[in-house]
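Here is a short briefing on one protein chain. Look over the sequence and the model first, then read the points by topic.

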Amino acid sequence: MERSAQGSTGTGSPEAAGRARVPAQSRGADEYGEGADRTRCAPTGAARGEHTHSETPVPRPVVQRSSVRGQILDALRTALVGGELLPGEVYSAPVLGERFGVSATPVREAMQQLALEGAVEVVPNRGFRVIVRGTRELAELAEVRALIEVPVMLRLTRTVPAERWAELRPLGEASVRAAASGCPATYAEADRVFHRAVLALSGNEQLVGFADDLHRRSQWPLAGGTVRRGRTDLVADAAEHMAMLEALTAGEPDAAQALVRGHFTGPGA
């Protein structure tokens, strides 16, 4: 759950989206490590979507061929949330494909999925432009999320047994660890996974899918660059996950309901 409405192909772990990344097209090879922890939130420059032979080569991430499109899609979503792909900028599939060490085809397919999700738009003969959005759109997404998720979660606090809530504790703890990292992209994924697991208790797959899409859309960056919440905000947000689970496993639905409402309507929601 996120206060600022800030989404993988169902990988189910915060680390999955960081296996492959979008290296900045203007930086040198020695600026990047190979580990997921360093690539996910490493400072990068903005790519302009054009390639010249004078560009400094960059390391190619290892991509498993069995799921190239899915890994590229995960990496692009992470790059959006992390601020590597900037609102208003145009990125070409061939250039990004070269950076990933794959053909332009899986990159183009992944970008087309992002277009369906409202993150980018097609620019004929050039590539894909990251959508420029303002605070009003994010506020509207937050309002819609609250209208859908809060009533469902309040109902679940009355109907789901304590042992089922206890099963979600590992996901809550994962969100706490992700928040402690201070990385917006890492926390965004952990937060989305936690939300999805809670809503899945309703047994309504259509609801889960729709809410998951809204959650992911709420995580795309604002115009003028990514507006990041600080580590303190992320830690406080994740702490509410654990507080809710603790109240529910202790058989205190009234306390849990108050936490649910506050989570969606508190400062920064």
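This is a predicted model: local features need pLDDT of at least 70, side-chain atom pairs count only at pLDDT 80 or more; totals for chains, interfaces and linings use all residues.

The protein chain has 269 residues, and 52% of them count as buried.

**Overall fold**
- The protein chain contains 11 helices and three strands.
- Along the sequence, the order of elements is α-α-β-α-α-β-β-α-α-α-α-α-α-α.

**Helix H8**
- Helix H8 covers residues 184-200, which makes 17 residues.
- At 1.5 Å a residue, H8 should span 24 Å.
- In H8, 15 of the 17 residues are buried, under 20% relative accessible area. The helix is therefore largely enclosed by the rest of the structure.

**Second largest cavity**
- The volume of the second largest cavity is about 40 Å³.
- Its lining consists of Glu149, Arg192, His195, Arg196, Leu199, Val208, Ala211, Asp212 and His215.
- H8 and helix H9 (205-217) each contribute at least two residues to this lining.
- By class, the lining has four charged, three nonpolar and two polar residues.
- An α-helix has 3.6 residues a turn, so residues three or four places apart point the same way.

Note on methods:
Residues are numbered from 1 along each chain as its sequence is written. Side-chain values use heavy atoms; hydrogens and water are left out. Helices (H or I, at least four residues) and strands (E, at least two) are DSSP runs, numbered from the N terminus. The expected span of a helix is 1.5 Å times one less than its number of residues. Buried means under 20% relative accessible area, exposed over 50%, partly exposed in between (1.4 Å probe, protein chains only). On a 1 Å grid over the protein atoms alone, a cavity is a set of points where a 1.4 Å probe fits but cannot get out, and a pocket is an open set with protein on both sides within 12 Å along at least five of seven lines; lining residues have an atom within 4 Å of a point. Grid points are joined across faces, edges and corners, and a volume is the space filled by probe spheres set on the points. Ala, Val, Leu, Ile, Met, Phe, Trp, Tyr, Cys and Pro count as nonpolar, Asp, Glu, Lys and Arg as charged, and the others, Gly among them, as polar.
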